[in-house]
Amino acid sequence: MIWLPIFLPVIAALAVGFAAPRRRLGAAAALAMAATAALGLWAALSGASADLAWGGLLQLRFELTGAAAILIVLVPVVAAPVIAFATWEYADDPDLRRLVGLLLAFVGSMELLVAAGDLVSLVIGWELVAAFSWALIAHHWRAPKPPQAALEAYLTVRFGGVGLFIAAGAVFASTGSLNYAALAGTSRPWLDVAAAGLLLAAASKSAQVPFSQWLFSAMEGPAPVSALLHSATMVAAGAYALIRLAPFFAPLGWFGPTVIAIGMISALAGGVVASVQTDFKRVLAGSTTAQYGLMFVAIGVASTTAATAHLITHAFFKSLLFLGAGVALATAGTGNLAHLRLGSGKRVVAVFFGVGVLALAAVPPLGGAFSKEAILAAAVDYSPWVGAGVFLAGFVSAFYAARLFTLAFSVVGGDPGGMGSAVGEGQGLVGSGGSRSTARGLLSGEVWSMGLLAGISVLMGLLRVPAVWRRLEQLSVAREAAEPFWQLAVSLLAIMVAFTAVRVLHRRGRLLSLGLAPYTQARVADWFGAPFLARRGIAEPTFAFAILLRRFDDRVIDMGVWGIAEPTFAFAILLRRFDDRVIDMGVWGIARAALRSAGRLRSLDERIVDGAVRGVAWATMRGAAGSRTADDLGIDGAVEWIARASWWSGRQVRRLQTGLTHQYYVVVVVGLVLVLAVTAVAT
Amino acid sequence: MLTAIILIPLLGALVVGLLPTTRAPLARPIALVVSFVPLVLTVLVWLRFEGGLLPEQIESLRWIPALGVEYKVGVDGISLPLVALTALLFPVSMAYPLDLLGRERMYYAIFLFLEAASFGVFLALDLFLFFIFWDLTLVGMYFVIAIWGHGDALRSALKFFIYTLTGSLAMLLGILGLYLATSPRSFDMVALIQNPALPGGGLRASLVFLGFAVAFLIKAPLVPFHTWLPPAHVDAPGPGSAVLAGILLKMGTYGFIRISLLMLPDAFRKYALALAIVSVVSIVYGALVSLAQTNLKRLIAYTSITHMGLVVLGIAAAGGVLGGDVEARRVALDGAVVGMVSHGLITAALFLISGSVYARAHTYEMPEFGGLLSRAPRLALLTIVAAFGGLGLPGLAQFVADISVFVGAFAVYPVLVIVSVAALVVLAALFLRMLRMMFLGPLADRWREFTDLDRVESAVLVSLLAPAVVIGVIPAWLINVIDATAGAVVGRL
């Protein structure tokens, strides 16, 4: 039962990815989303819940209590027109199938996150949503920028996401359970840790200060991705998790004020950024941070009802506004407000977009007005100072909403390009679209999608109906605060002031630049230089440290190993030499000496003893022959013999020159012996 | 059955190795069929598995009675998942196409031999037998790297061999220390688990623990004993890296549970904090050093240190304190074993992928690539799945391990866990950076002819990543097997 709204989008995603005919993609996806919404409603009404044994002691829980019952329907309802819009806008994109499939899977992950009833399931949904957003932001992956932007966005969210791991660990350490309900029984230091972890995760996901700039990176994705990401999925997850779990942290004195502080800073800073931005989508991104900041304030003052209401109304008007941005991008070929003059040619778009702008500016009777007033009332009741902050944030949002509409849809530009165009350079959305630099007309599907969201935004005024509001209160925690009768009047006055200011500035041609120096405006518009600081202060030092560690690893630690191995090896070589020279030498020394003396003996044997024997034999033979021939030859023979003897002895002497030292030795020795013998005989 | 799991690949190695030259083409089919048999047998063992503190399905044989040495094998909830991992990883790695330099019979024989030895390490229930199998795996791996490696393969293989052999010598001393404490003298691991031989954690127990710890820290490997790993991986062939990371590293962490935690519980408790600190250093250090790599294989190698550090953190937490937090420590130990399986599947896939990349490009340098998604969509898609698996995306096995270890260990070492979750961010950064550098962005002209994965490669990678997805989505069937033993282990501590 509860599984159906989670798995239907996933099944639809697989079907779209592999099977659905390309021409019917939009209809199929919208139908799947409608069915998901219906199943979600059914599951919420029937109070379905499910437990899933994950193995061992881990148990997953899914339930649709509190705000979950609303979001399980809200998410697919917002997604249906947005995905349908995408199929129209990207009709000629070869990767449309992947885009739609990923959008559907994105919705499925968000439904999982919404239905989670324990911290592990929450982490699962949380991380899946982030991963799909990575793939969606990097949709135009052939360009160099989107993959890098997707990486930055993912890392920011992942950084906060580890807070949930810590929160889960703390709750489990204290209670041995991971269900949301276990938070009620979590003891103090653990509860503090869990609250801090959740807050870190929620702030990063909802793009609160100081994590806001990831939304700018996310702008590299297609407009429908932004429309979904900013409204009902991803960014909404942060506020939703807090709405769901903040009541458990009521015992912690620091929790409420901290959430208020984060929300208030984000609401005001986001408002300023949106007010000075010159890029269509980035104005909307700044306003997302600001609006979620308001929700955080509501959660901090313990009015999750107001926060839920604003989450709902914001989801519709923000997705509407982003679709408008998509149209602007596609038809004008640029998102730079300095050049964007959509004018009367896009009157239908202007009307629908105007509905979203009025909701953003909190003009009654649109739903956005009532949810903002509810936050204001709760804030005023909590503390006049918080009330004043929310009031100021409301004023700023009316200002940037009107400014955006004026700059985007005015027929004649009050503003010359001037400073604005200088600021806008390099931030344009043209790059993200790649091929769509040429203007084109409006498609009927785009109009239908925007019209549907505009209609719902108007219908959201029904939140003001007491019966509806009470139903909402039953699903959440409301701060019992009666709205003072003058509040709405003051708010309306503020809105009128803001609109008038926009009008005046437009007339004077300063609406785009607001009279700021281009450099200042560019810095402020880019989150007061926070991305630069993040890059210089976090990303680059981390990377530099990593490279340092790599060198340390290669040189020092590995050296340590070699430091042991090399001396060992050197010692081994030393031992080898010792072995070769000293120990072996001893053995060889004896052996060689023995061998050498044996060799000497042998040559002595051959040359002297054998030689003597042969010499005697030869002399005998010679003597015999000599005595035989002496008679024959006589004196003549004697002469001839002398000649022959000299020839022979010459040859023998030549033979002695063998080059072999020991033979020379022998000759020398023999000679010496002869000399000695002759000397002895002579004396 | 268990003996058959060891013997069949061993016999297969003999048959393949002794094939006549004329029959050399038969080496591959024979090897693949033979290596597939243990997988079937493992399924049967899995079905018969009951679970508990002590190993079951024991098969034993007297071997050297005079020394108390036995041939004894069996499984418990810790070893069974690793046996299954081995049974899957070997046939798959062997099937992966690789230029065998004309030495097919030798390659398949060595791989089958290595498979048998790996089964032996996980199944052995006798310290003597364990030690023998342990060292045999070194021999097998040495030849795989030295013969079929590239780059400075001989040097890397030698470094791997000497370094890990040093570790196994430390282990030998530990084994002797344990052995001499038993009476009657015996190497029987079951008896040592039932009645730890060195209770109390005195000096002798500490020294024995230290001996084993050095061996396991080198094998896992954890910082600062890891420097043999990157060169071994970079120069090893893809399937060799897959088996080295997928199976051989697990022997270190398996040893920590099987011997350190189960046989030396008192000494373990005494040094658990030190072990946890080493593992957290490894987790963070490995991730950061990996982030700075430009070489694909070195990048994966260093993430292994992070993931293995996570496993050891879970083990350290499980044995960390006396009494109390039983549930949390049980979850941590479950997570540690899931982490071993998950790392085996995902990192093996990543190493095989880098093998495929190398076969096509002859480089591992990531900055040289870019935009490959358009040329090789299958390769890109499978790499994306594996990379997200490595960074711990829910729906893949590594997430189950991450969340279990972190949640479980938090009760014991909250500060250490907070430090180590930071590594999740770094892991995400490095894996997504890798994807961006290699597959996204504009395609360089140089890679216009880059070919996609062929059918065998795709099938192999799918058969590694599909179980990772199954474990990620429905982990109960795996966790319950692990928990059957882990619960009893933690309960006893």
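Let me start with residues 413-438 of chain A, where pLDDT stays under 50. The model does place contacts there: residues 413-438 have 62 of them beyond four places in sequence. Please keep in mind that this is a predicted model. Where pLDDT is low, the predicted coordinates should not be read in detail. So how does chain A score on average? The mean pLDDT of chain A is 85, and 91% of the residues score at least 70.

Now for the overall shape of chain A. DSSP gives chain A 24 helices and two strands. For 683 residues, a compact globule would have a radius of gyration near 26 Å, but the value for chain A is 47 Å. Along the principal axes, the C-alpha trace of chain A spans about 170 × 60 × 50 Å. Of the 683 residues in chain A, 52% are buried. And if you take the contacts in chain A between residues at least 6 apart in sequence, 81% of them join residues at least 24 apart.

Let's turn to chain B. Chain B has 19 helices and two strands. Its radius of gyration is 21 Å, close to the 23 Å from the globule rule for 493 residues, so chain B is as compact as a globular protein of that length. The box filled by the C-alpha atoms of chain B is roughly 70 × 55 × 40 Å along the principal axes. In chain B, 65% of the 493 residues count as buried. As for contacts in chain B between residues at least 6 apart in sequence, 83% join residues at least 24 apart.

How do the two chains meet? The contact takes 43 residues from chain A and 46 residues from chain B. On the side of chain B that touches chain A, six helices each supply at least two residues: α11 (265-291), α13 (326-361), α14 (372-375), α16 (397-410), α17 (414-439) and α19 (476-492). Which of these helices gives the most? That is α17(B), with 11 residues. By type, the residues on this side of chain B divide into 32 nonpolar, eight polar and six charged.

Next, the nonpolar core. In soluble globular proteins, nonpolar side chains tend to be buried together. Here the largest nonpolar core has 446 residues, and the members that touch the most others are Ala29(A), Ile83(A), Ala168(A) and Val297(A). Let me zoom in on Ile83(A). Leaving aside neighbours within four places in sequence, Ile83(A) is in contact with Ala29(A), Ala30(A), Met33(A), Val100(A), Leu103(A), Leu104(A) and Pro224(A).

From there, I'd like to stop at a helix in chain B. Pro91(B) sits in helix α3, residues 79-95 of chain B. α3(B) has 17 residues and reaches 25 Å from first C-alpha to last, close to the 24 Å expected at 1.5 Å a residue. This helix is mostly covered, with 16 of the 17 residues of α3(B) buried. Is Pro91(B) buried or exposed? Pro91(B) is buried, because 23 other C-beta atoms lie within 10 Å and the cut-off for buried is 20 or more. Beyond four places in sequence, Pro91(B) is in contact with Leu32(B), Ser35(B), Phe36(B) and Leu39(B). The C-alpha atoms of Pro91(B) and Val33(B) are 8.2 Å apart, although 58 residues separate them along the chain.

Last, some backbone details for those of you who like to check geometry. Val209(A) and Pro210(A) are joined by a cis peptide bond, with omega about 5 degrees. Pro210(A) is in the loop between α7 (188-205) and α8 (214-218) of chain A. Over in chain B, a cis peptide bond joins Val223(B) and Pro224(B), with omega about 0 degrees. Pro224(B) lies in the loop between α8 (203-219) and α9 (229-235) of chain B.

Then there is phi. Trp527(A) is not a glycine, yet has a positive phi of about 55 degrees. You'll find Trp527(A) in the loop between α22 (518-525) and α23 (530-656) of chain A. His362(B), also not a glycine, has a positive phi of about 55 degrees, and is in the loop between α13 and α14 of chain B. Their surroundings are worth a look too. Trp527(A) counts as buried, with 26 C-beta neighbours inside 10 Å, whereas His362(B) is exposed, with 8 other C-beta atoms within 10 Å.

That's my tour, and I'm happy to go back to any part of it.

Key: Residues are numbered from 1 along each chain as its sequence is written. Chains are lettered from A and ligands numbered from 1 in the order in which they are written. This is a predicted model: local features need pLDDT of at least 70, side-chain atom pairs count only at pLDDT 80 or more; totals for chains, interfaces and linings use all residues. Two residues are in contact if their C-beta atoms, placed from the backbone, lie within 7 Å. Helices (H or I, at least four residues) and strands (E, at least two) are DSSP runs, numbered from the N terminus. Ala, Val, Leu, Ile, Met, Phe, Trp, Tyr, Cys and Pro count as nonpolar, Asp, Glu, Lys and Arg as charged, and the others, Gly among them, as polar. pLDDT is the predictor's confidence in each residue, from 0 to 100. A nonpolar core is a set of buried Ala, Val, Leu, Ile, Met, Phe, Trp, Tyr and Cys residues joined through C-beta atoms within 7 Å. A residue is buried if 20 or more other C-beta atoms lie within 10 Å of its own, exposed if 12 or fewer, and partly exposed in between; C-beta atoms are placed from the backbone. The radius of gyration is taken over C-alpha atoms; the globule rule is 2.2 Å times the number of residues to the power 0.38. The expected span of a helix is 1.5 Å times one less than its number of residues.
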